[in-house]
Amino acid sequence: MDKEEKIINYLRKKFRKNISMNSKILIDLDLDSFKFVQIVSEIEKKLKKKYSPVIIEDLSKFTIKKFSKLFR
């Protein structure tokens, strides 16, 4: 399994919602900033990869696919 699949599976189990790679992470999962930070730290532990954030002006368009590319 690659990291995208692991992230999708983790988020599906955690939120019990049907999501895809094109789902908006903050809108579809209804996350606030604190919960987002918790999710990032849990995924870092699970993948054993570090999250490298980038500056994004419009977070409403931030998809899970873009999110998964930030783990290196």
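Student: Which residues form a nonpolar patch on the surface?

Tutor: Good place to begin! Keep in mind that this is a predicted model. Here Val54, Ile56 and Leu59 make up a nonpolar patch on the surface, and together they have about 230 Å² of accessible area.

Student: Where is the place of Leu59?

Tutor: Look at the loop between H3 and helix H4 (64–68), and you will find Leu59 there. Its relative accessible area is 40%.

Student: Which residues line the largest pocket?

Tutor: Among them are Leu26, Asp32, Ser33, Phe36, Tyr51 and Leu70. The lining also includes Val54, Ile56 and Leu59, the residues that form the nonpolar patch on the surface.

Student: Which helix gives the largest share of that lining?

Tutor: Helix H3 (residues 33–47) does, with four residues.

Student: And how many residues of each class are in the lining?

Tutor: Sorted by class, the lining has 10 nonpolar residues, one polar residue and one charged residue.

Student: Let us turn to charges. How many salt bridges does a search of the whole structure find?

Tutor: Two. To read one, look for a side-chain nitrogen of Lys or Arg within 4 Å of a carboxyl oxygen of Asp or Glu. The side chains of Lys14 and Glu42 meet this way, at 3.6 Å from N to O. This pair links distant parts of the chain, with Lys14 in helix H1 (residues 3–15) and Glu42 in helix H3, 28 residues apart.

Student: Are Lys14 and Glu42 buried, exposed or partly exposed?

Tutor: Lys14 counts as partly exposed, at 35% relative accessibility. Glu42 is partly exposed too, with a relative accessible area of 30%.

Student: Which side chains meet in a salt bridge at 3.9 Å?

Tutor: Those of Lys61 and Asp58, with the distance again taken from N to O. Lys61 counts as exposed because its relative accessibility is 52%, while Asp58 has 35% and so counts as partly exposed.

Student: What about the backbone? Which residue has phi near 50 degrees?

Tutor: That is Arg16, and the thing to notice is that this is a positive value in a residue other than glycine. Arg16 is in the loop between H1 and helix H2 (25–28). At 74% relative accessibility, Arg16 counts as exposed.

Student: What is phi for Asp30?

Tutor: About 55 degrees, a positive value although Asp30 is not a glycine. You will find Asp30 in the loop between H2 and H3, and with 64% relative accessibility it counts as exposed.

Student: One last topic: distances. How can I compare separation in sequence with separation in space?

Tutor: Count residues along the chain, then look at the C-alpha atoms in the model. Asp2 and Leu47 are 45 residues apart in sequence, and 9.7 Å apart in space from C-alpha to C-alpha. Asp2 is in the segment before H1 and counts as partly exposed at 36% relative accessibility.

Student: How many residues apart are Lys17 and Leu29 along the chain?

Tutor: They are 12 residues apart, and 7.8 Å separates their C-alpha atoms. Lys17 is in the loop between H1 and H2, and it is partly exposed, with a relative accessible area of 37%.

Definitions and conventions:
Residues are numbered from 1 along each chain as its sequence is written. This is a predicted model: local features need pLDDT of at least 70, side-chain atom pairs count only at pLDDT 80 or more; totals for chains, interfaces and linings use all residues. Side-chain values use heavy atoms; hydrogens and water are left out. On a 1 Å grid over the protein atoms alone, a cavity is a set of points where a 1.4 Å probe fits but cannot get out, and a pocket is an open set with protein on both sides within 12 Å along at least five of seven lines; lining residues have an atom within 4 Å of a point. Helices (H or I, at least four residues) and strands (E, at least two) are DSSP runs, numbered from the N terminus. Ala, Val, Leu, Ile, Met, Phe, Trp, Tyr, Cys and Pro count as nonpolar, Asp, Glu, Lys and Arg as charged, and the others, Gly among them, as polar. Patches are made of residues with over 30% relative accessible area and no salt bridge: like charges are joined within 9 Å, nonpolar side chains (Val, Leu, Ile, Met, Phe, Trp, Tyr) within 5 Å. Accessible areas come from the Shrake-Rupley method with a 1.4 Å probe; for residues, only the protein chains shown count as cover. Buried means under 20% relative accessible area, exposed over 50%, partly exposed in between (1.4 Å probe, protein chains only).
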